[in-house]
Number of protein chains: 2
Amino acid sequence: MFEIIAPLEKVTPEFVSELQSKIDFKTKPLGSLGLLEEVAFKAALLQRSLTPVFSNPSIIIFAADHGVAEEGVSLFPQVVTEQMVLNFLNGGAAINCFSNQHDITLKIVNAGVKADFSAVKHDHFINSPIANGTYNFALQSAMTAEQCLAAINKGAEITQSQFEQGCNVIGFGEMGIANTTSAAAIMSAILNLAGKQCAGKGTGIDDVTVSLKAKVIDEAINKYQLNDADTLTILQTVGGFEIAMMVGGMLKAAELSMLVLVDGFIASSAALVASELNDDFLQYTQFCHQSEEQAHQLLLTNMAATPLLNLGMRLGEGSGVAVAYPLLVSALTFLNEMSSFADAGVSESDE
Amino acid sequence: MFEIIAPLEKVTPEFVSELQSKIDFKTKPLGSLGLLEEVAFKAALLQRSLTPVFSNPSIIIFAADHGVAEEGVSLFPQVVTEQMVLNFLNGGAAINCFSNQHDITLKIVNAGVKADFSAVKHDHFINSPIANGTYNFALQSAMTAEQCLAAINKGAEITQSQFEQGCNVIGFGEMGIANTTSAAAIMSAILNLAGKQCAGKGTGIDDVTVSLKAKVIDEAINKYQLNDADTLTILQTVGGFEIAMMVGGMLKAAELSMLVLVDGFIASSAALVASELNDDFLQYTQFCHQSEEQAHQLLLTNMAATPLLNLGMRLGEGSGVAVAYPLLVSALTFLNEMSSFADAGVSESDE
């Protein structure tokens, strides 16, 4: 699925060496820009350019509803998914503020919200629901195999469309009441972890509800024998339409050598699925922040991911990507604009 | 020294309550913007406004040389301080890239570099050296009492000047070969810590040199009996001109209710001195990043500071402030622009 023509493997050792030298001979102690140096290195490799640039940065918010919300795993009523989509379209959400701040193109996708958006017309709205929410995976598989595949393909198509509009750096965010339960179930199934290691407070549920959430997850893993299942079956059984669309969108972005920016816990569960489906995928990703959601750190560790930020945020909707974006720009800025020791006539170290 | 008319104490409980409500009723789960909510709260309190704005954001780089460089505690030759000042003025350093990126005004101050800058004319250069570098504190006190006071007052004057140009958020950075030794000695003296707990790798020295650095610090603490000394004596004895100017600049900024942005290890040592001189000072500060310099975490912990970033940077020159600045803007952006639940017609939580 989605053949990634990994540019990292096609890059010559000479290019890698020239790139590392360019970074090392900037007027700064060796390695002193830390993670910004790694980001610059990755972006340059993906673009196979010593002067990489970001063009038309975009964040796609995939919104969907979850049947498992019926189990009482969320603090907010399900109607909030629909209401927040309208809030995104009206420009009032956190992600609107942050993407405006950084001139990031924002697209809102109805991936399967339990609402009728057919009358909504908006330049940044993509109305392509797979269904009116998933089924409750406590009772039956969240999606059919056809729905899961349709969602993956739709996500890929949306990324392709952004690519054709000149985008080479794309962030993935989401909105969906109860979707931390779905993300935690995916994590539990793929990484063979107990529900309680994966379930967190989401938007702010109490400890009793966290325990319920963990129980719902454990029962589903057991009911569908997901620890032995293949990745697509896991996605289909306990995933969500927004998660499946993110999987397809992320893999297509990697195929197109775009830099994939991952938001919080739910987007990271999609990245986990993508990394299971394609071994090269993680080379194309930058995790933008560590969420306050308790299992996110473990999930990131399992992907050997170092996120840019750890601000105690837990909002989703791509907000971590947008807030982190200027740091990515700083990485390219230093690579492209800073003087070398030779240019500036600055002495190197005594070593 | 520098009477701070703490606005935090003058703010009415009604204002605090109204501010917290404004933050809490934005369309997001309670507290879900993490540290950004704390930054917004702090900035609003300092400005005593529910709609705080940053105006003319500025970073001041104070550069100076250190007599203690003679002890062989640094990787780079002392002439690099002068060369980097010229690099700043020519726009080739990391801080130039990052402050350009965010439209931050950058000022470079010769606080006491071992070089003659009298011929240099540049709009952003302030040539006000206290002397051609400090004395080697391994042999004698780094400064005289008069020099130390002159540096503090000069720093305050520079902040005052920025304030008069409409600046209400000011970052403090520095450049000075061997100044991690000076900063570590200040930390050691004030916090009663051994030299080895405070000495780090600086620009990249090896373990043997780190041990030498710790020994130089321990001997100075002992020689001048600094663990029993008052704060100004410590600053005078093992400090540097750039550190003393930062102390004065930071305290004046707090006096003027400006938000003080602190860069890395050396700027944090100045903040430590400022916090010892005035109990209210830390209410006015935001620490921008945790440096890779090993003692920085302990120093921050001692000030109960939560930095915005932890990117493994260790460059100084205000770079951590500049890279973190857009996060501060994001904090004000959400406070000023995001819709409330009522505005957006979004349901609140079920609790």
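Which residues does A64(A) touch, not counting residues up to four places away in sequence? The legends below take that up, along with views of the whole chain and the pair of copies. This is a predicted model, in which local features need pLDDT of at least 70, side-chain atom pairs count only at pLDDT 80 or more, and totals for chains, interfaces and linings use all residues. Residues are numbered from 1 along each chain as its sequence is written, chains are lettered from A and ligands numbered from 1 in the order in which they are written, and side-chain values use heavy atoms, with hydrogens and water left out.

View 1. A64(A) sits in strand 1 (residues 58-64) of chain A; strands (E, at least two residues) and helices (H or I, at least four) are DSSP runs, numbered from the N terminus. Its contacts (heavy atoms within 4.5 Å) are T81(A), A111(A), G112(A), V113(A), M175(A), G176(A), I177(A), F241(A) and E242(A). A64(A) is buried, at a relative accessible area of 0%; buried means under 20%, exposed over 50%, and partly exposed in between (1.4 Å probe, protein chains only). From the C-alpha atom of A64(A) to that of E82(A), 18 residues apart along the chain, the separation is 8.6 Å.

**View 2. The backbone at N56(A).** Look for this residue in the loop between helix 3 (35-47) and strand 1 of chain A. Most residues other than glycine have a negative phi. N56(A), although not a glycine, has a positive phi of about 40°. With a relative accessible area of 24%, N56(A) is partly exposed.

**View 3. The backbone at A178(B).** Here the loop runs between strand 4 (169-175) and helix 7 (179-191) of chain B. A178(B) has a positive phi of about 85° and is not a glycine. Its relative accessibility is 5%, and A178(B) counts as buried.

**View 4. The two copies together.** Chain B superposes on chain A by a rotation of 180° with 0.0 Å of shift along its axis (RMSD 0.0 Å). That is the relation of a two-fold axis.

**View 5. Chain A as the setting.** Chain A has 15 helices and 6 strands. Of its 351 residues, 63% count as buried. The C-alpha atoms of chain A fill a box of roughly 70 × 45 × 35 Å along the principal axes.

Methods:
Copies are superposed by least squares on the C-alpha atoms of residues with pLDDT of at least 70 in both.
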